[in-house]
Amino acid sequence: PLTAWSQQMTYFNNHPDPEWTANPHPRDRLFHDLSQSISEWIEAGDQVITMGDLNTDTREIPITKFFQEHGMHEVLLDKHGEAAPATCNMGSSPIDGIWATIGLQIARGGFCNFDEGLPGNHRTLWLDVTYQQAFGHCQPSLTRKAARRIQMSAPRAIERSTQHSNG
(Lines give C-alpha, C1' and ligand atoms only; values in the text may rest on other atoms or scores of the structure.)
Protein backbone atom coordinates (compact mmCIF):
# COMPACT_ATOMS: atom_id res chain seq x y z
CA PRO A 1 0.00 0.00 0.00
CA LEU A 2 1.73 3.12 -1.25
CA THR A 3 -0.90 5.80 -0.80
CA ALA A 4 -1.71 7.30 2.59
CA TRP A 5 -5.34 6.22 2.10
CA SER A 6 -4.41 2.56 1.53
CA GLN A 7 -1.96 2.61 4.45
CA GLN A 8 -4.68 3.95 6.74
CA MET A 9 -7.17 1.36 5.45
CA THR A 10 -4.67 -1.41 6.23
CA TYR A 11 -3.97 -0.01 9.70
CA PHE A 12 -7.62 0.43 10.71
CA ASN A 13 -8.65 -2.93 9.25
CA ASN A 14 -5.95 -4.59 11.40
CA HIS A 15 -6.90 -2.64 14.56
CA PRO A 16 -10.58 -3.22 15.33
CA ASP A 17 -12.29 -0.07 16.53
CA PRO A 18 -16.06 0.53 16.86
CA GLU A 19 -15.72 4.04 15.40
CA TRP A 20 -13.89 2.63 12.37
CA THR A 21 -16.63 0.06 11.82
CA ALA A 22 -19.21 2.87 11.89
CA ASN A 23 -17.24 5.01 9.43
CA PRO A 24 -14.60 3.08 7.46
CA HIS A 25 -13.32 5.96 5.37
CA PRO A 26 -9.85 7.32 6.31
CA ARG A 27 -10.56 10.89 5.14
CA ASP A 28 -13.79 11.10 7.14
CA ARG A 29 -12.03 9.64 10.16
CA LEU A 30 -9.21 12.20 9.84
CA PHE A 31 -11.64 15.12 9.75
CA HIS A 32 -13.65 13.67 12.64
CA ASP A 33 -10.53 13.32 14.82
CA LEU A 34 -9.17 16.71 13.71
CA SER A 35 -12.50 18.35 14.51
CA GLN A 36 -12.47 16.94 18.04
CA SER A 37 -8.89 18.08 18.65
CA ILE A 38 -9.40 21.58 17.24
CA SER A 39 -12.54 21.99 19.37
CA GLU A 40 -10.66 20.94 22.52
CA TRP A 41 -7.77 23.31 21.82
CA ILE A 42 -10.03 26.27 21.09
CA GLU A 43 -12.14 25.57 24.20
CA ALA A 44 -8.90 25.59 26.20
CA GLY A 45 -8.24 29.11 24.87
CA ASP A 46 -5.50 28.15 22.43
CA GLN A 47 -4.82 29.66 19.03
CA VAL A 48 -4.63 26.90 16.39
CA ILE A 49 -2.61 26.60 13.18
CA THR A 50 -3.16 23.55 10.99
CA MET A 51 -1.24 22.77 7.83
CA GLY A 52 -2.03 19.96 5.46
CA ASP A 53 -1.86 18.31 2.08
CA LEU A 54 -5.54 17.57 1.51
CA ASN A 55 -5.21 16.16 -2.02
CA THR A 56 -8.18 18.26 -3.09
CA ASP A 57 -8.58 21.93 -3.93
CA THR A 58 -8.42 23.80 -0.61
CA ARG A 59 -10.95 26.33 -1.93
CA GLU A 60 -13.71 23.71 -2.24
CA ILE A 61 -16.82 24.19 -0.09
CA PRO A 62 -16.46 21.10 2.16
CA ILE A 63 -12.91 22.12 3.14
CA THR A 64 -13.70 25.81 3.72
CA LYS A 65 -16.89 24.89 5.58
CA PHE A 66 -15.04 22.47 7.88
CA PHE A 67 -12.53 25.11 8.96
CA GLN A 68 -15.11 27.92 9.13
CA GLU A 69 -17.15 25.82 11.58
CA HIS A 70 -14.11 26.00 13.86
CA GLY A 71 -13.58 29.74 13.34
CA MET A 72 -10.55 29.16 11.11
CA HIS A 73 -9.50 30.59 7.76
CA GLU A 74 -6.93 29.69 5.11
CA VAL A 75 -4.31 32.34 5.84
CA LEU A 76 -2.38 32.24 2.56
CA LEU A 77 -5.52 32.57 0.44
CA ASP A 78 -6.65 35.44 2.67
CA LYS A 79 -3.26 37.10 2.25
CA HIS A 80 -2.79 36.58 -1.49
CA GLY A 81 -6.31 36.05 -2.85
CA GLU A 82 -8.09 33.08 -4.33
CA ALA A 83 -5.73 32.84 -7.33
CA ALA A 84 -3.23 30.67 -5.45
CA PRO A 85 -0.73 28.63 -7.44
CA ALA A 86 -0.90 24.85 -7.76
CA THR A 87 0.91 23.39 -4.76
CA CYS A 88 1.75 20.02 -6.35
CA ASN A 89 3.80 19.96 -9.54
CA MET A 90 1.37 17.45 -11.07
CA GLY A 91 -1.74 19.55 -10.39
CA SER A 92 -3.48 22.75 -11.31
CA SER A 93 -4.92 23.90 -7.96
CA PRO A 94 -3.76 24.47 -4.39
CA ILE A 95 -4.13 21.17 -2.51
CA ASP A 96 -1.96 22.25 0.44
CA GLY A 97 -2.96 24.95 2.87
CA ILE A 98 -2.46 26.59 6.25
CA TRP A 99 -5.51 27.35 8.39
CA ALA A 100 -5.50 29.43 11.55
CA THR A 101 -8.02 30.60 14.09
CA ILE A 102 -9.45 34.02 13.29
CA GLY A 103 -7.45 35.66 16.09
CA LEU A 104 -4.20 34.91 14.26
CA GLN A 105 -3.32 37.20 11.38
CA ILE A 106 -0.09 36.40 9.60
CA ALA A 107 2.59 39.03 9.21
CA ARG A 108 3.89 37.40 6.01
CA GLY A 109 3.43 34.13 4.18
CA GLY A 110 3.63 32.53 0.80
CA PHE A 111 4.41 29.67 -1.52
CA CYS A 112 7.98 28.74 -2.44
CA ASN A 113 8.85 27.62 -5.95
CA PHE A 114 8.96 23.86 -6.45
CA ASP A 115 12.77 23.81 -6.45
CA GLU A 116 12.98 25.82 -3.20
CA GLY A 117 12.25 24.73 0.33
CA LEU A 118 11.66 21.12 1.31
CA PRO A 119 12.43 18.34 -1.19
CA GLY A 120 9.50 16.74 -2.96
CA ASN A 121 6.85 17.51 -5.54
CA HIS A 122 4.93 20.04 -3.43
CA ARG A 123 5.61 23.71 -2.85
CA THR A 124 6.80 24.61 0.62
CA LEU A 125 4.21 26.85 2.29
CA TRP A 126 5.42 29.30 4.92
CA LEU A 127 4.17 31.98 7.25
CA ASP A 128 5.35 34.39 9.91
CA VAL A 129 3.20 35.07 12.95
CA THR A 130 4.24 37.79 15.37
CA TYR A 131 5.14 36.79 18.91
CA GLN A 132 2.29 39.01 20.11
CA GLN A 133 -0.21 37.17 17.88
CA ALA A 134 0.98 33.71 18.84
CA PHE A 135 1.47 34.13 22.58
CA GLY A 136 -0.52 37.24 23.53
CA HIS A 137 2.42 39.31 24.71
CA CYS A 138 5.78 40.53 23.53
CA GLN A 139 8.89 38.70 24.61
CA PRO A 140 10.99 41.01 26.75
CA SER A 141 14.42 41.81 25.41
CA LEU A 142 17.28 39.86 26.88
CA THR A 143 19.68 41.90 28.94
CA ARG A 144 23.20 40.66 29.26
CA LYS A 145 25.27 41.47 32.25
CA ALA A 146 28.69 42.82 31.48
CA ALA A 147 31.42 40.34 32.36
CA ARG A 148 33.91 41.43 34.96
CA ARG A 149 37.46 41.28 33.75
CA ILE A 150 40.27 39.93 35.85
CA GLN A 151 42.86 42.52 36.53
CA MET A 152 46.06 40.76 35.54
CA SER A 153 48.11 43.22 37.58
CA ALA A 154 46.33 42.23 40.83
CA PRO A 155 47.72 38.87 42.11
CA ARG A 156 44.92 38.54 44.69
CA ALA A 157 42.21 38.79 41.99
CA ILE A 158 43.97 36.14 39.91
CA GLU A 159 44.20 33.83 42.94
CA ARG A 160 40.46 34.25 43.75
CA SER A 161 39.50 33.60 40.13
CA THR A 162 41.64 30.47 40.00
CA GLN A 163 40.20 29.16 43.29
CA HIS A 164 36.64 29.87 42.10
CA SER A 165 37.09 28.07 38.76
CA ASN A 166 38.81 25.05 40.38
CA GLY A 167 35.94 24.63 42.82
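## Helix α1 and its cover

The cover over the buried residues of helix α1 includes α2 (18-22) and α3. The model described here is a predicted one. Helix α1 spans residues 4-14, and its buried residues are Ser-6, Met-9 and Phe-12. Viewed down the axis of α1, these buried residues fall within an arc of 130°, so they line one face of the helix. An α-helix has 3.6 residues a turn, so residues three or four places apart point the same way.

## The pairing of α3 and α4

Helix α3 (residues 26-43) also packs with helix α4 (residues 61-68): their axes come within 11 Å and cross at roughly 20°. Angles under 35 degrees count as roughly parallel, and α3 and α4 are therefore roughly parallel to each other. The crossing in which α3 passes α4 is right-handed.

On the α3 side, the contact is made by Arg-27, Phe-31, Leu-34, Ser-35 and Ile-38, while α4 contributes Ile-63, Phe-66 and Phe-67. Six of the residues in this contact are nonpolar, one is polar and one is charged.

## The setting of Gly-97

Gly-97 lies in strand β3, which covers residues 96-101. Is this glycine, Gly-97, buried or exposed? Its relative accessible area is 0%, and because buried means under 20%, Gly-97 is buried.

When neighbours within four places in sequence are left aside, Gly-97 is in contact with Thr-50, Met-51, Gly-52, Thr-58, Glu-74 and Leu-125. From C-alpha to C-alpha, Gly-97 and Asp-57 are 9.3 Å apart in space, and they are 40 residues apart in sequence.

Conventions. Residues numbered from 1 in each chain as written. Predicted model: local features only at pLDDT ≥ 70, side-chain atom pairs only at ≥ 80, totals over all residues. Heavy atoms only, no water. Axes fitted to C-alpha atoms, helices over the stretch in contact; angles between N-to-C directions. Helix = DSSP H or I, 4+ residues; strand = E, 2+ residues; numbered from the N terminus. Parallel < 35°, antiparallel > 145°, perpendicular 65-115°, else oblique. Left-handed = near helix turned anticlockwise from the far one by under 90°. Contact = heavy atoms within 4.5 Å. Nonpolar A, V, L, I, M, F, W, Y, C, P; charged D, E, K, R; others polar. Buried < 20%, exposed > 50% of the residue type's maximum accessible area, 1.4 Å probe, protein only. Arc of directions from axis to C-beta.
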